[in-house]
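Subject: Structure for you to look at

Hi,

Here is the structure I promised to pass on. Have a look at it first, and then read my notes below.

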Amino acid sequence: LESAKEMYDRGIIFIDARDEEEFAEGHIKGAVLAPSTPELIQLFPDLSTSMVTYCGGGECDVSMELATLLMNDWDYERIFVFKGGWPEWKAAGYPAE
């Protein structure tokens, strides 16, 4: 959680790997919804762009799946996964929308 907040404060891009409905109910402020990887490529063409993926925490693993896809299929070099996800972020009272 502390590392994720430090990355957020440094302006690193956060990508919400959850679905549109969950995203609409609440998400990390400024996070980008990941509707499809090709759209992300258009948003962030620099493959060295640092990004943090997250999802619903706990047993949710879609953030890890998205991170793997971004690194292996799309050649992004600096992908991090915030395992605590939205629930941990929200519980900490960090910026949310």
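Which kind of link do the side chains of Arg18 and Asp16 meet in? It's a salt bridge, with N and O 2.7 Å apart. Arg18 and Asp16 are both buried. Do keep in mind that this is a predicted model.

The count of salt bridges comes to 2. Asp9 forms one with Lys5, and there the closest N and O atoms are 2.7 Å apart. Both of these residues sit in helix α1, which covers residues 2-9. Asp9 and Lys5 are 4 residues apart, or about one turn of the helix. So how do they compare in burial? Asp9 has a relative accessible area of 53%, so it counts as exposed, the cut-off being over 50%. Lys5 comes out at 18%, and because buried means under 20%, Lys5 is buried.

Next up is Ser50, which you'll find in strand β3 (residues 50-54). Is Ser50 buried or exposed? Its relative accessibility is 15%, which is under 20%, so Ser50 counts as buried. And which side chain does the Ser50 side chain join in a polar contact of 2.7 Å? That would be the side chain of Arg78. Arg78 also turns up among the contacts of Ser50 once neighbours within four places in sequence are left aside, along with Ile12, Ile13 and Phe80.

That's what I have for now.

Cheers

Definitions and conventions. Residues are numbered from 1 along each chain as its sequence is written. This is a predicted model: local features need pLDDT of at least 70, side-chain atom pairs count only at pLDDT 80 or more; totals for chains, interfaces and linings use all residues. Side-chain values use heavy atoms; hydrogens and water are left out. Helices (H or I, at least four residues) and strands (E, at least two) are DSSP runs, numbered from the N terminus. Buried means under 20% relative accessible area, exposed over 50%, partly exposed in between (1.4 Å probe, protein chains only). A polar contact is a pair of N or O atoms within 3.5 Å; within protein, one must be able to donate a hydrogen and the other to accept it, and residues adjacent in sequence count only if both atoms are side-chain atoms. Contact means heavy atoms within 4.5 Å. A salt bridge is a side-chain nitrogen of Lys or Arg within 4 Å of a carboxyl oxygen of Asp or Glu.
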